[in-house]
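Subject: Structure for your review

Dear colleague,

Please find the structure below, handed over together with my notes on what was found in it. I would be grateful if you could read the two side by side.

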Amino acid sequence: MYLHLGTDTMIRTKDILGIFDLDTSTISKRTRDTLRRAELEGRVINVSADLPKSFVVMEGKKPIIYISQISAATLKKRSGYIDDIKNI
């Protein structure tokens, strides 16, 4: 299954390591440092055309981080949407 992050960007749900709210998770200095380091290494992809609300960490040799304008709660709901449908 795929998850739409905004601005024509789709990712495979099985490759998602985590979905995080930017406001609450960046309170931690450790998270801010990790995001800053990933950005310097060119592993951050901003798919937000508006105010960013969340970030998604993708599995890989060097994890890729997508910045999205869609809230973490909405992305989490979308990522598990098909699991809640009965009798498919």
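Serine 68 touches Leu5, Val47, Ser48, Pro52, Lys53, Ser54 and Leu75 when residues up to four places away in sequence are not counted, a contact being heavy atoms within 4.5 Å. This is a predicted model, in which local features need pLDDT of at least 70 and side-chain atom pairs count only at pLDDT 80 or more, while totals for chains, interfaces and linings use all residues. Residues are numbered from 1 along each chain as its sequence is written, and side-chain values use heavy atoms, with hydrogens and water left out.

Serine 68 is found in strand β6, residues 64–68; helices (H or I, at least four residues) and strands (E, at least two) are DSSP runs numbered from the N terminus. Its relative accessibility is 0%, so serine 68 counts as buried, where buried means under 20% relative accessible area, exposed over 50% and partly exposed in between, with a 1.4 Å probe and protein chains only. The side chain of serine 68 reaches the backbone oxygen of leucine 5 at 2.6 Å, which I list as a polar contact, that is, a pair of N or O atoms within 3.5 Å, of which, within protein, one must be able to donate a hydrogen and the other to accept it, and for which residues adjacent in sequence count only if both atoms are side-chain atoms.

Serine 48, one of the residues that serine 68 touches, lies in the loop between β4 (44–46) and β5 (54–58). With 15% relative accessibility, serine 48 also counts as buried, and a polar atom of its side chain lies 2.5 Å from the backbone oxygen of aspartate 50. Leaving aside neighbours within four places in sequence, serine 48 is in contact with Ile67, Ser68 and Gln69.

Turning to the nonpolar cores, each is a set of buried Ala, Val, Leu, Ile, Met, Phe, Trp, Tyr and Cys residues joined through side-chain atoms within 4.5 Å. The largest nonpolar core has 12 residues, namely Leu3, Leu5, Ile11, Ile16, Ile19, Val47, Val56, Met58, Tyr66, Ile70, Ala72 and Leu75. The elements that give two or more residues to this core are β1, β3 (16–21), β5 and α3 (72–79). Apart from it lies another core, of 7 residues, among them Leu22, Leu35, Val57 and Ile65. Alanine 72, a member of the largest core, is in contact with Ile19, Phe20, Asp21 and Ser54, leaving aside its neighbours within four places in sequence.

What joins β1 to β2? The two strands run antiparallel and are joined by 4 bridges, strands being taken as paired if DSSP finds at least two bridges between them. The bridge partner of histidine 4 in β2 is methionine 10. β1 and β2 form a hairpin with 2 residues between them. Threonine 7, in the loop between β1 (2–6) and β2 (9–12), has a positive phi of about 40° although it is not a glycine, and at 42% relative accessibility threonine 7 counts as partly exposed. Aspartate 8 is in the loop between β1 and β2 as well; its phi is near 60°, again a positive value in a residue other than glycine, and aspartate 8 is exposed, with a relative accessible area of 78%. For context, most residues other than glycine have a negative phi.

As for aromatic rings, those of Phe, Tyr and Trp (its six-membered ring) pair if their centres lie within 6.5 Å, and planes under 30 degrees apart count as stacked, over 60 as edge-to-face and the rest as tilted. By this rule the count comes to 1 aromatic pair. Phenylalanine 20 and phenylalanine 55 form this pair, which is stacked, at 5.0 Å centre to centre and 20° between the planes. Phenylalanine 20 lies in strand β3 and phenylalanine 55 in strand β5, so the pair ties together parts that are 35 residues apart in sequence. Phenylalanine 20 is partly exposed, with a relative accessible area of 34%, whereas phenylalanine 55, at 5% relative accessibility, counts as buried.

Finally, on confidence, the protein chain averages a pLDDT of 89, and 91% of the residues score at least 70, pLDDT being the predictor's confidence in each residue, from 0 to 100. Among the elements of the protein chain, β6 has the highest mean pLDDT (97) and α3 the lowest (91).

With best regards
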